[in-house]
Amino acid sequence: MVMKDDILDKSPTEIMDILKQLGEPSFRVKQLLGWVYKGKRSFDEMTNLPKTTRIRLKERYMIGNVKQIKKITSDKGDTIKYLCLLHDGNIIECVVMRYDYGNTLCLSTQVGCRMGCSFCESTRQGLIRNLKVGEMVAQVLMVNADLGETGERNIRNIVLMGSGEPLDNFDNVVKFLGLIHDPNTLNISYRNITLSTCGLVSKIRELANMDIPITLAISLHAPNDALRRRIMPVASAYSVREIVEAAKYYFNRTGRRVSFEYSLIDGINDGVEQAEELGRLLADFPCHVNIIPINSIEGAPYRRSSAARIQLFEKTLRSTGIQVTRRRELGHDIGGACGQLKRGYLNNSEG
Ligand code: SAH
């Protein structure tokens, strides 16, 4: 069977072309997008489009190709993890975090990941494949539909921090960002989108040149190359210096403050010495450092730092003049915390 094209893969301009070919005037774009992004999954329901057009669209296109197969809510109810089935049998996860200021969706950009960070679950089996634009959009629409049922506010904040390295799926991610930002789709402000990367320097520069002023988060986790190489293979490709240079370039081009993620691993990167070195590395650069104790994953030898060590690290870093925030930890009890999302397919014990 030939699979139909997914409308969620298409930009408004592409949809304009599709409708033009069907002989429709341009105002139909808004109508069609209105239905699609309000969550309609069938062309039949788009009653303001002519019937013949609906039929022709239906012959060639589908709307979304991702199925919610499981939903797990944390004990406190502040985190919800969704398992989604893709058309080829792969399963991805996304997580909604409920903060006081609204709902944030943490979504996946790849099935698996090839970056190989030693503390991260998502990369264990390597990269399976990139997600298509429509598969990222579908995660947002699926969650919106689900939250809508309980009358809650829809997703207004998005973090690309689920499984995958967003900058390793660059073209699709950039198209996705433009698409959900469009006023005729979800109208999500760039300020409310954060892209987290393990530090692919050339792609950071490319992104900086694109006029998409989203927040950039860089997973640094170490203040020098030797230590970083011990825990992140990507550190052999790009030095910490190059990463900081690229971050400065991003800040200068976009005016958006960059944040650095720093997951504390007991006895490895959480000492006073590393805090001081990090302070020196980032001196005079207006940025944030987001610290978070490492989350445990099966089989990895890493332990969380003690509360006392975390406090000392935070205090030391702050005393160097760096702005430090401590990431609120959500989602532990449902395996939905940072680095715990996986390609939940064959080995998915919850399934
Ligand atoms: N590939 C991107 C985004 C996905 S990971 C990146 O590397 O940034 C999102 C964040 O979770 C990254 O900062 C990542 O380093 C961190 N992370 C991964 N595994 C973790 C773990 N076990 N505990 C805490 N943070 C983890």
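Phe251, Phe260 and Phe285 form one aromatic cluster in this predicted model. Rings of Phe, Tyr and Trp (its six-membered ring) pair if their centres lie within 6.5 Å; planes under 30 degrees apart count as stacked, over 60 as edge-to-face and the rest as tilted. The structure holds three aromatic pairs. Two of them share Phe285.

| Pair | Centre to centre | Angle between planes | Geometry |
|---|---|---|---|
| Phe251 and Phe285 | 6.0 Å | 75° | edge-to-face |
| Phe260 and Phe285 | 6.3 Å | 70° | edge-to-face |

Phe251 lies in helix 8 (residues 240-254) and Phe285 in the loop between helix 9 (272-281) and strand 13 (287-293), so their pair ties together parts 34 residues apart in sequence. Helices (H or I, at least four residues) and strands (E, at least two) are DSSP runs, numbered from the N terminus. Phe260 is in strand 12, so its pair with Phe285 joins parts 25 residues apart in sequence. Phe285 is buried, at 6% relative accessible area (buried means under 20%, exposed over 50%, partly exposed in between; 1.4 Å probe, protein chains only). Phe260 is buried too, at 1%.

Now the ligand. A polar side-chain atom of Ser196 lies 2.6 Å from a ligand oxygen. A polar backbone atom of Phe119 is 2.8 Å from a ligand nitrogen.

Residues are numbered from 1 along each chain as its sequence is written. Local features need pLDDT of at least 70, side-chain atom pairs count only at pLDDT 80 or more, and totals for chains, interfaces and linings use all residues, while side-chain values use heavy atoms, leaving out hydrogens and water.

Technical notes. Polar contact = N/O pair within 3.5 Å; in protein donor to acceptor, adjacent residues only side chain to side chain.
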